[in-house]
Amino acid sequence: MKPGPEDILPTYEREATAWARQRGQSLWELPVLEGCVASRGPGLAILDLGCGSGQPIAQWFVRRGDRVTGVDGAAAMMAEARMRVPQMEAIQADMRTLRLGQRFDIILAFNSFFHLSPEDQRAMFPIFAAHAAPATRLCFTAGPAHGPVWGTVGNSSVYHSSLDPSEYRSLVETHGFDVVW
């Protein structure tokens, strides 16, 4: 039987240490990150949802001089993040119920958002909006078409899912964000 979205946090609990060791440090996300901070100096408030070990993304922002709040639902991942990026504020929480009472300049959900069910992805947009400062840049990863796919993390199979790109575009715009890329 293939795993579903309910299996993601238990999987990352089991695989956290191995995942953190194996996570590439090449920072393939760099063009997007640089686009987020273009013409903006250091000191931005960053919300990294599903931050994992904090490396390399949160670490890049910390080195730039930004204030990073990393959120992950897996306690083992938060332990990795606290060890690897101690300058980051690390909060163990489920992004689907997040209510920090703070606003952020950049909200990231890289390599995490797509582990949520389609219903939970739709429900994240009000949460993104509730944490957005004026002109917040929202960045998340998703697949190219509606539907589930499965991948692996360490020795475990994991669920991924995406909405149709037109639905993402609509959700982004409905919740006050501009589609840039």
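Is Arg 84 buried, partly exposed or exposed? I looked it up: Arg 84 is partly exposed, because its relative accessible area is 24%. The cut-offs I use are under 20% relative accessible area for buried, over 50% for exposed and partly exposed in between, with a 1.4 Å probe and protein chains only.

**Ground rules**

I'm working on a predicted model, where local features need pLDDT of at least 70, side-chain atom pairs count only at pLDDT 80 or more, and totals for chains, interfaces and linings use all residues. Residues are numbered from 1 along each chain as its sequence is written, and side-chain values use heavy atoms, with hydrogens and water left out.

**Salt bridges**

I searched the whole structure and got six salt bridges. For me that term means a side-chain nitrogen of Lys or Arg within 4 Å of a carboxyl oxygen of Asp or Glu. The general idea is that side chains of opposite charge can pair when their charged atoms come close.

Back to Arg 84: its side chain meets that of Glu 80 in a salt bridge, 2.8 Å from N to O. I find both in helix 4 (residues 75-84), four residues apart, about one turn of the helix. My helices are DSSP runs of H or I with at least four residues, my strands are E runs of at least two, and both are numbered from the N terminus. Glu 80 counts as buried because its relative accessible area is 8%.

Next I checked Arg 122, which forms a salt bridge with Glu 167, the closest N and O atoms being 2.5 Å apart. Arg 122 is in helix 5 (residues 118-130) and Glu 167 in helix 6 (residues 165-174), so this pair ties together parts that are 45 residues apart in sequence. Arg 122 is partly exposed at 30% relative accessibility, and Glu 167 is partly exposed at 24%.

I also noted a network of salt bridges that links Asp 94, Arg 96 and Asp 120.

**Around Arg 23**

Which residue does Arg 23 meet in a salt bridge? I get Glu 29, at 2.7 Å from N to O. Both partners are buried, and Arg 23 has 13% relative accessibility. Arg 23 is in the loop between helix 1 and helix 2 (30-37).

The Arg 23 and Glu 29 side chains also turn up as a polar contact at 2.7 Å. That term covers a pair of N or O atoms within 3.5 Å; within protein, one must be able to donate a hydrogen and the other to accept it, and residues adjacent in sequence count only if both atoms are side-chain atoms.

I then listed contacts, meaning heavy atoms within 4.5 Å. Leaving aside neighbours within four places in sequence, Arg 23 touches Trp 28, Glu 29, Gln 55, Pro 56, Ile 57 and Asn 111.

Two of those names came up again when I went through the backbone. The peptide bond from Gln 55 to Pro 56 is cis, with omega near 0 degrees. Pro 56 is in the loop between strand 1 (45-49) and helix 3 (57-64). Asn 111, in the loop between strand 4 (104-109) and helix 5, has a positive phi near 55 degrees without being a glycine. Most residues other than glycine have a negative phi, and most peptide bonds are trans. By accessibility Asn 111 is partly exposed, at 27%.

I logged Ala 135 as well, with a positive phi of about 65 degrees. Ala 135 lies in strand 5 (residues 132-140) and is exposed, at 63% relative accessible area.

**Rings**

How many aromatic pairs does the whole structure hold? My search finds twelve. I pair rings of Phe, Tyr and Trp (its six-membered ring) if their centres lie within 6.5 Å; planes under 30 degrees apart are stacked, over 60 edge-to-face, and the rest tilted.

Phe 113 and Phe 128 have ring centres 5.7 Å apart and planes at 45 degrees, so I call that pair tilted. Phe 113 sits in the loop between strand 4 and helix 5, and Phe 128 in helix 5, 15 residues apart. Both are buried: Phe 113 at 0% and Phe 128 at 1%.

Trp 150 and Tyr 159 have centres 6.1 Å apart and planes at 70 degrees, so that pair is edge-to-face. Trp 150 is partly exposed at 34%, whereas Tyr 159 is buried at 8%.
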